[in-house]
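Thanks for coming. I will go through one structure this morning, starting with how its parts touch and ending with what lies inside them.

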Amino acid sequence: MSAEPHYTPYHPRWYRRRVSVWWWLQNPSYAGFVLRELTSVFVAIFAAVYLWQLRALVRGPEAYADFLDRLETPPFLLLHAVAFLFVLFHAVTWFHLAPKAVVVRLSGKRVPDWVIVGLNYAAWLLLSAGVAFILLRD
Amino acid sequence: MQATVALTVTRYRPERESEPTFQTYEVPFRKDWVVLDALNHIKDNLDGSLSYRWSCRMGVCGSCGMKVNGIPKLTCAAFLSDDLPGPVRVEPLDYFPIIRDLVVDLTDFMRKLTKVKPWIIRKEERPLAEGEYLQTPDQLDAYKQFSMCINCMLCYSACPIYGLEPSFIGPAVIALAQRYNMDSRDQGAAERLEILSGHDGIWQCTFVGECTKVCPKHVDPAGAIQQYKLTGAAHWVKSLLLPWGTR
């Protein structure tokens, strides 16, 4: 690749506009995009809490009981409520974007978008049911 | 039905102004008029100094792309009746330098387009006597959508990434590269890979998805980019596992 990027030569009379810092507020779908990108922060927080839980588990029953107590405090409940909403938004938006990236052709015909989205939801339901089964059985 | 509609149009006359301003014109409202008709009315009857590009009036040439009430559109396909009661704001496409009024400079796109070699590349050209390269309807279907691009630049104007990272090769260039990559007659995918997976290629895209929404020809550049991300990632994994296999 020729590493040099090619820009239009400078022409003093042409007007070049700067992109506003608030570009993402100009259009609702830009705001949605930024929100979707921000969900990754909450996914990361979720993962960090899990790691912390693992550490507590390794340190023994007392540390684990402490950890559970900590989780029941209002700041943690609030954090989890907000994170849950963001993670939900993350999952749903990506499910709906999946057909753009995944093009499946069956006997020459492209599989319709709603099938790809539906399969994502089905997999989600199936996995959630599996987790629920493991957690709820006695 | 209202008799007239106001058009607020960007004016930039570099010999007179240091930055763009707006000028409002009152034009007759007709149900069958598009924004381009209103601009032509202004040019013919109200103010001959207004500059803008247009040609075919039927969504084929891709010259008349502008922002209508903030959304990149072909003005030949944007009906005034959709924006009643007005005023209708008409601005040049975003992120390209403005030459005059509604006319922007597209050199940046033209340079990037040639980089991905948007033509059929053959390792060995077949002699003419052997006849044409045949293609089945399915093989045509694989790339036809991407071949509908008319280079109207609406997707660039809708892409905030292109605005923030001007070196990004952009939606239409990637879709047009895919148009040739997916063509059964083409053998040049490896030559395009370097540009497409390079620093200014597909990985700059964070999938805003607006390019696809504004595309008047349903090319789906966002789809082309995401699909190529899979190809690019697969190629990278292959080159890690089988360094000799990807030559």
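First, a definition: two residues are in contact if their C-beta atoms, placed from the backbone, lie within 7 Å. A second term is the domain, whose bounds come from an automatic or database domain assignment.

Some housekeeping. This is a predicted model, in which local features need pLDDT of at least 70 and side-chain atom pairs count only at pLDDT 80 or more, while totals for chains, interfaces and linings use all residues. Residues are numbered from 1 along each chain as its sequence is written, and chains are lettered from A and ligands numbered from 1 in the order in which they are written.

How confident is the predictor in chain B? pLDDT is its confidence in each residue, from 0 to 100. For chain B the mean pLDDT is 94, with 99% of residues at 70 or more. For the complex, the ipTM is 0.82 and the pTM is 0.88.

Now chain B itself. Its C-alpha atoms fill a box of roughly 70 × 40 × 30 Å along the principal axes. It has 9 helices and 7 strands; helices (H or I, at least four residues) and strands (E, at least two) are DSSP runs, numbered from the N terminus.

Chain B is divided into domain 1, residues 4-104, and domain 2, residues 107-241. Their C-alpha centres are 30 Å apart. Where the two meet, 14 residues of domain 1 are in contact with 12 residues of domain 2. On the domain 1 side, strands E3 (65-68) and E4 (71-74) of chain B each give two or more residues, and E4(B) gives the most, with 4. By class, that side has 8 nonpolar, 3 polar and 3 charged residues. Here Ala, Val, Leu, Ile, Met, Phe, Trp, Tyr, Cys and Pro count as nonpolar, Asp, Glu, Lys and Arg as charged, and the others, Gly among them, as polar.

Next, the inside. A residue is buried if 20 or more other C-beta atoms lie within 10 Å of its own, exposed if 12 or fewer, and partly exposed in between, with C-beta atoms placed from the backbone. Of the 247 residues of chain B, 39% are buried.

Take helix H1 of chain B, residues 35-46, where B:Val35, B:Leu36, B:Ala38, B:Leu39 and B:Ile42 are buried. Why do they line one face? On the face turned away from the buried side are the exposed residues B:Asp44 and B:Asn45. Strands E1 (4-11), E2 (21-28), E3 and E5 (88-91) of chain B are among what covers the buried residues.

B:Val35 comes up again in the largest nonpolar core, which has 64 residues; B:Val35, B:Leu7, B:Cys155 and B:Ile174 touch the most other members. Such a core is a set of buried Ala, Val, Leu, Ile, Met, Phe, Trp, Tyr and Cys residues joined through C-beta atoms within 7 Å. Helix H6 of chain B, residues 171-181, gives the most to this core, with 7 residues. Both domain 1 and domain 2 of chain B supply at least three residues each.

Last, the partner: 21 residues of chain A are in contact with 32 residues of chain B. H1(A) brings the largest share of chain A's side, 4 residues.
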